[in-house]
Amino acid sequence: MERIPFLSGNEAIARGAVRAGLGFACGYPGTPSTEIVEELARLEGPPLVEWCINEKVALETGIGASLAGARTLVTMKHVGLNVAADPFMTLALTGVNAGLAVVSADDPGMHSSQNEQDNRHFAAFARVPLLEPADSQEAYDFVAWAFELSEEFDTPVLLRSTTRISHGRGRVVPRAPVVVEDRSYVRDIAKYVMVPDYARERNRLALARLERLRRRAEESPLNVLEAGTTDIGIIASGAAYTYAREAFPKAWFLKLGMSHPLPYRKVAKLYDSVSRVFVVEELDPFLEDQVRALGLPVVGKEVIPRNGELNQEIVFDALEPLLKRRPPRRKRAVFPPPPVIAPAPQAADDLPVRPPVLCPGCPHRAVYAMLRREKVAVMGDIGCYTLGALPPLLSLESCVCMGAGIGMMAGINRRMGRAAAVAVIGDSTFFHSGITPLIDARYNQTPGLVIVLDNRTTAMTGHQGHPGTGLHPDRSSGPAVDIEALCRGIGVPAATVDAFDEEAVRAAIREALAGDELRVLVALAPCILMDRGPHEGVVVDDDRCNLCGLCLELGCPAVVAGDEAIEVTSDCTGCGVCLAVCARGAISLPSDAGGDES
Amino acid sequence: MNGTTTVSLAGVGGQGIILAAAIVAQAAMAAGFDVKASEVKGMAQRGGSVVSTVRYGRQVWSPVSPRADLVIATETLEGRRALALLADKGTLVYATTEIAPGSVLRGERAYPTDLADAARARLIQLIAVDAEALAIEAGSVRAANVALLGAATHALPFGSGAWDLALEQTVPPKILELNRRAFALGRDAAAPTEEGL
């Protein structure tokens, strides 16, 4: 007979993930989470597994892998989720492709940590499901549940362990491997580009999803009402459940494996069975406050310490004296009605909408004009260039948070084993949080291309300075950091080209897509708003123009569909991007058309 | 609501809505009102629809309101869109400037022409101003926002002293004279005695 493995919770999470069809795992080491990635790396025939530069980049890389079809596990300790909070909060809106579980290993008692924050709040904060295993077997089993919930409800799942779960050991009965549905990258701009209009809609969906998840928590076999032989009931999850179970073996239990959203009716059912109920939980009154909000009498943090770890004696000594008291008066639970979700405002009249657009003469448009000719997924983030996702350009496919595009590109390309995605990032955003994922992509030998759209300013917010310009709020200037030199220092080949030099931009893109290494292209041209002109517009040859509409697909506000031919408004700066796409040579620069060549 | 008057300024990002709103707010304060105001910045600035709001009265609590008594629109389609904000019998002062949004540029949609009908149905008073022409006459097309404000003075209870002070306090000194000219041209162009308003 095969020996039943005796595993730590972390080893069990790793093996449970592989059993559940894991395709990609990454994380940043941090006690008590570290051994998950280590165990994955040890396993035979391991999926892709890597250490990332930090937890934020790890999650962004994980999002990319999920988008590319890999069931993905991202591991970190509790404080690591603070670092990854930026992608985590917005991932809760975009949802996933293949299942994605974030493991947060919390450290009550601060054995090896600078604080003991209770990360269950993060699940409530982001409105995503929370799974809490109570031993190694559950740690193993819950990963599959996490992936399934993630895919069914299109949400990341927070799998929360604590030191005693991660580092405790127990027997783990292996289960049959899960058959995983094949998934591949699907371009879905409205789902993954969180510009305000799209994010508002995803937010509505996430709120509605939370109510569906609550119904699932009511039915879930992870939430078990365990009958006892005494008149007391205990609500508990994770390690606290094991302490309470030993301290009060005859009590009734509501054992929560899926502890967010809270299954209200299961809580009420416990109250139907016993006359007094305790909540036993480590750290914050996360469950207790919600039970109290149902109008039910409950005892929790007034006797159970709010700080540090619990154990059997602490739980027994805290609750035992209360058993002699008279039970509280029976009350009926009042279930909070589901919240109102404000619908999208309906415009009173059917008028043409006016979304924000890239300005005439914007250098970002020049780069997008080249990118949209290539069969490549373009990952991005936050800045004026996010507008490249909107019609008619439709050239950007993700925007999760600052710097996320590079990690997501890495995740996709790691999964695909080639440069299937590129990333664009603004110069200010590059300094904000583009450097760490670039170093990570170099470290993890990811093929790809990062295009820094260097317009020499923080344009969208109104032209603030940044380390690449050396400009300060009072307009004084100091040392400036050279992006290309910085990239070379990391060991990433980098080149700078004029963003309007379409041949150079196209050549750089094609070269990067054909190769298997990581490159940076700095597409340089100052924001057109910093150059107020005067500008001379391009000239249209009405006889050659057949109104094919190719130039209109660039979304330039200065190019108008006329009756017979394209017309150019006085806003045209003569940047010439439309020349490059015109198949009939109907557009020319003013100098070429016989204007002044100065 | 509650004795507070709401002025919404609508236009296309980049047309100087924020400056115009600042001038209205200063003028209201100079006229002795309590004032609160709100503006939209960031992504919406890039050529998208923008609305700023100025509210004045004896005591104003919130800087925003879903309903406006007066809309000042620097572009016709945005004025048309802002009818949805206006209370019935409210006033729309709008520039005859037309800036086609993307869908119109590409020929997918037509620029709407039903402003007069839509306003009439709700007894909304329209005041049309060729603000760009007036601004060019004053010296620069970029003062069209201020020329339009001049025209809107007839719909607001602030004295000329309050407006003068507001311009001086809000407009950068380098372009103050130009904007004063534009403002005066707008005010004269929309004077209630003239015909065709």
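Begin by selecting strand 5 (residues 86–95) and strand 6 of chain B, which run parallel and are joined by five bridges; helices (H or I, at least four residues) and strands (E, at least two) are DSSP runs numbered from the N terminus, and two strands pair if DSSP finds at least two bridges between them. Within this pair, B:Ala95 stands opposite B:Val129, which belongs to strand 6 of chain B.

Before going further, note that this is a predicted model, in which local features need pLDDT of at least 70, side-chain atom pairs count only at pLDDT 80 or more, and totals for chains, interfaces and linings use all residues. Residues are numbered from 1 along each chain as its sequence is written, while chains are lettered from A and ligands numbered from 1 in the order in which they are written.

**The sheet of chain B**

Now widen the selection to the open sheet of chain B, in which six strands are arranged in the order 2-3-1-4-5-6 with mixed pairing. Strand 2 (34–38) and strand 6 (125–129) of chain B stand at the edges with a single partner strand each, so one side of each has no neighbour in the sheet. From one strand to the next the twist averages 15°, where axes are lines fitted to C-alpha atoms, for helices over the stretch in contact, and angles run from 0 to 180 degrees between N-to-C directions.

Two residues are in contact if their C-beta atoms, placed from the backbone, lie within 7 Å.

**Chain B as a whole**

The C-alpha atoms of chain B fill a box of roughly 45 × 40 × 40 Å along the principal axes. The radius of gyration of chain B is 16 Å, which agrees with the value near 16 Å for a compact globule of 197 residues; this radius is taken over C-alpha atoms, and the globule rule is 2.2 Å times the number of residues to the power 0.38. Of the 197 residues in chain B, 48% are buried, a residue being buried if 20 or more other C-beta atoms lie within 10 Å of its own, exposed if 12 or fewer, and partly exposed in between, with C-beta atoms placed from the backbone.

**Where the chains meet**

Select both chains together: 23 residues of chain B are in contact with 24 residues of chain A. On the side of chain B that touches chain A, helix 2 (76–82) and helix 3 (102–105) of chain B each supply at least two residues, and helix 3 of chain B gives the most, with four residues. The residues of this side of chain B divide into 10 nonpolar, eight polar and five charged, where Ala, Val, Leu, Ile, Met, Phe, Trp, Tyr, Cys and Pro count as nonpolar, Asp, Glu, Lys and Arg as charged, and the others, Gly among them, as polar.

**Across chain A**

Turn now to chain A, which has 20 helices and 23 strands and whose C-alpha atoms fill a box of roughly 100 × 55 × 50 Å along the principal axes. Its domain assignment, which is automatic or from a database, gives domain 1 (6–185), domain 2 (223–324), domain 3 (363–530) and domain 4 (539–588). If you select domain 2 and domain 3 of chain A, their centres, taken over C-alpha atoms, are separated by 51 Å.

Inside chain A, pick helix 5 (residues 85–94), which is largely enclosed by the rest of the structure because seven of its 10 residues are buried; among them are A:Pro87, A:Phe88 and A:Leu91. Helix 5 of chain A is followed by A:Gly95, whose phi is positive, near 70°. For a contrast, select A:Arg212 in helix 10 (residues 196–219) of chain A, which is exposed, with 12 other C-beta atoms within 10 Å.

**Loops to finish on**

Go to the loop between strand 2 (22–27) and helix 2 (35–42) of chain A, where A:Pro32 lies, and inspect the peptide bond from A:Thr31 to A:Pro32, which is cis with omega near 10°. Another cis peptide bond runs from A:Pro391 to A:Pro392, with omega near 0°.

Finally, select A:Gln445, in the loop between helix 17 (427–443) and strand 17 (448–454) of chain A, where phi is near 55°, a positive value in a residue other than glycine.
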